[in-house]
Amino acid sequence: MSDPVLDVKHLSVDYVSAKGLVHVVDDVSLELRRGEVHGLVGESGCGKSTLARSLLRVLGPPAIVSGGSVMLEGKDLMKMSAHEIDQVRWVRMAIVFQGAIDALNPVLRIQEQLVDALMAHGVRDGVEDRAKKLVDRVSLPRRVLTAFPHELSGGMRQRVVIAMALALGPQVLLMDEPTTALDVVVQAEILDELDRLRKDMGFAVLLVSHDLPLMLERCDRISVMYAGRIIESGPVASFRDGGSSSHPYAKHLLGHPYAQHLLHSFPRLDGPRTIARALEGSPPSLFSPPPGCRFHPRCPMVMPICKVEQPKLTQRGVDHVAACHLAQPAAEESPAALPS
Ligand code: SF4
């Protein structure tokens with residue numbers, strides 16, 4: 001197992017509101033390993049975008065980071081001055097947002113925007129040649145350099161934003177629902193392109209999405225968020241194998257019931273026809289989340305302890321953790337709490 005390039009420990013993010021603090025990200029720990037694609041998945045409003053944006057400190061008021069650390073190559077981004085974090089953005093870690101049209105300046109041609117981005121980070125020599133190489137890198141024709149953003153398709157704009165994010169060779173790329181607004185064909189083309197670039201350049205990706213099948217196809221590891229917390233995390237194969245009797249941990253219910261519901265709520269194209277199971281209820285309000293396990297009002301397996309005691313993330317299998325009172329590993333398998 002390689003060392004993490006990004007190591008998030010006990011990160012909490014609150015929003016200040018007239019009704020008080022809303023704990024949108026609550027004590028989240030997450031590792032991103034070199035060169036991997038790590039998927040962060042959950043329903044709308046679970047805190048996944050807030051988490052991703054807080055890593056690079058691009059969240060403005062009313063959001064505040066109320067605790068925790070984000071270590072990138074041995075340095076805590078949460079303790080850096082505004083000047084220091086500016087040196088990290090784009091150079092060591094970059095972010096791609098969902099709406100490329102909002103990320104681009106509507107009154108500047110693409111070449112000017114690429115050149116601006118390079119010069120803002122101290123690149124002075126050959127910037128126009130570098131802009132040409134950047135559009136080549138994401139397989140765009142060079143004519144896009146003289147176009148305004150509104151003259152490009154959604155897929156082309158998203159490629160421009162990816163080219164910009166990779167301009168200075170970051171080690172970490174945060175992608176917040178980067179293809180949600182695109183049709184599935186363009187989505188697949190862009191993710192294939194990203195995969196090729198990642199293999200060439202060696203950066204790691206934190207991919208944020210509500211689309212679990214996409215995550216199963218594209219990621220090496222997945223973390224599932226529910227109501228501001230990570231409730232399960234592990235290699236993609238262990239999510240696929242969670243319900244299989246051949247899996248060594250299947251007898252202990254490897255997966256968290258919420259993650260299992262997410263998995264079973266999508267139809268499979270390669271297996272027997274089954275009826276997708278809907279999950280009853282709605283995600284809880286983060287103003288006053290339920291005590292104990294936050295999923296307990298919706299959980300078909302709820303037990304008395306679930307209503308009073310918050311389950312901790314504990315080891316369920318090789319490199320796999322889940323937070324559920326039900327998913328107890330066998331005694332001989334020595335459950336281990338997540339390292340703090
Ligand atoms: Fe369900 Fe209890 Fe597990 Fe929460 S801790 S997911 S309520 S069984």
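Helices (H or I, at least four residues) and strands (E, at least two) are DSSP runs, numbered from the N terminus. Axes are lines fitted to C-alpha atoms, for helices over the stretch in contact, and angles run from 0 to 180 degrees between N-to-C directions. This is a predicted model, in which local features need pLDDT of at least 70 and side-chain atom pairs count only at pLDDT 80 or more, while totals for chains, interfaces and linings use all residues. Residues are numbered from 1 along each chain as its sequence is written, and side-chain values use heavy atoms, with hydrogens and water left out.

**First stop: two helix pairs**

Two packed helices are described by the angle between their axes and the distance between the axes. Select residues 154-165 (helix α6) and residues 184-201 (helix α7): their axes come within 10 Å and cross at roughly 20°. That makes α6 roughly parallel to α7 (angles under 35 degrees count as roughly parallel, over 145 as roughly antiparallel, 65 to 115 as roughly perpendicular and the rest as oblique). The crossing of α6 past α7 is right-handed; a crossing is right-handed if the near helix is turned clockwise from the far one by less than a right angle, and left-handed if anticlockwise.

Now show side chains. From α6, G155, Q158, R159 and I162 meet V186, E189, I190, E193, L194 and L197 of α7, where contact means heavy atoms within 4.5 Å. This set of residues divides into five nonpolar, two polar and three charged. Here Ala, Val, Leu, Ile, Met, Phe, Trp, Tyr, Cys and Pro count as nonpolar, Asp, Glu, Lys and Arg as charged, and the others, Gly among them, as polar.

Next, pick α4 (residues 110-120) and α5 (residues 127-137), whose axes come within 9 Å and cross at roughly 115°. That makes α4 roughly perpendicular to α5. On the α4 side, look for Q111, L114, V115, L118 and M119; on the α5 side, V127, E128, R130, A131, L134 and V135. Eight of these contact residues are nonpolar, one is polar and two are charged.

**Second stop: two buried residues**

Go to D7 in strand β1 (residues 4-17). Is D7 buried or exposed? D7 is buried, at 18% relative accessible area (buried means under 20%, exposed over 50%, partly exposed in between, with a 1.4 Å probe and protein chains only). Its side chain makes a polar contact with that of K9, at 3.0 Å. A polar contact is a pair of N or O atoms within 3.5 Å; within protein, one must be able to donate a hydrogen and the other to accept it, and residues adjacent in sequence count only if both atoms are side-chain atoms. Not counting residues up to four places away in sequence, D7 touches L30, E31, S69, V70 and M71.

Then select A227, in the loop between β9 (221-226) and β10 (229-235). A227 is buried too, with 6% relative accessibility. Beyond its neighbours within four places in sequence, A227 contacts C46, P284, L286 and R294.

Most residues other than glycine have a negative phi, and most peptide bonds are trans. The bond from P61 to P62 is cis, with omega near 15°. W90 has a positive phi of about 75° and sits in the loop between α2 (82-88) and β6 (93-96). Finish at E177, with phi near 45°, in the loop between β7 (172-176) and α7. E177 is buried at 7% relative accessible area, whereas W90 is partly exposed at 26%.
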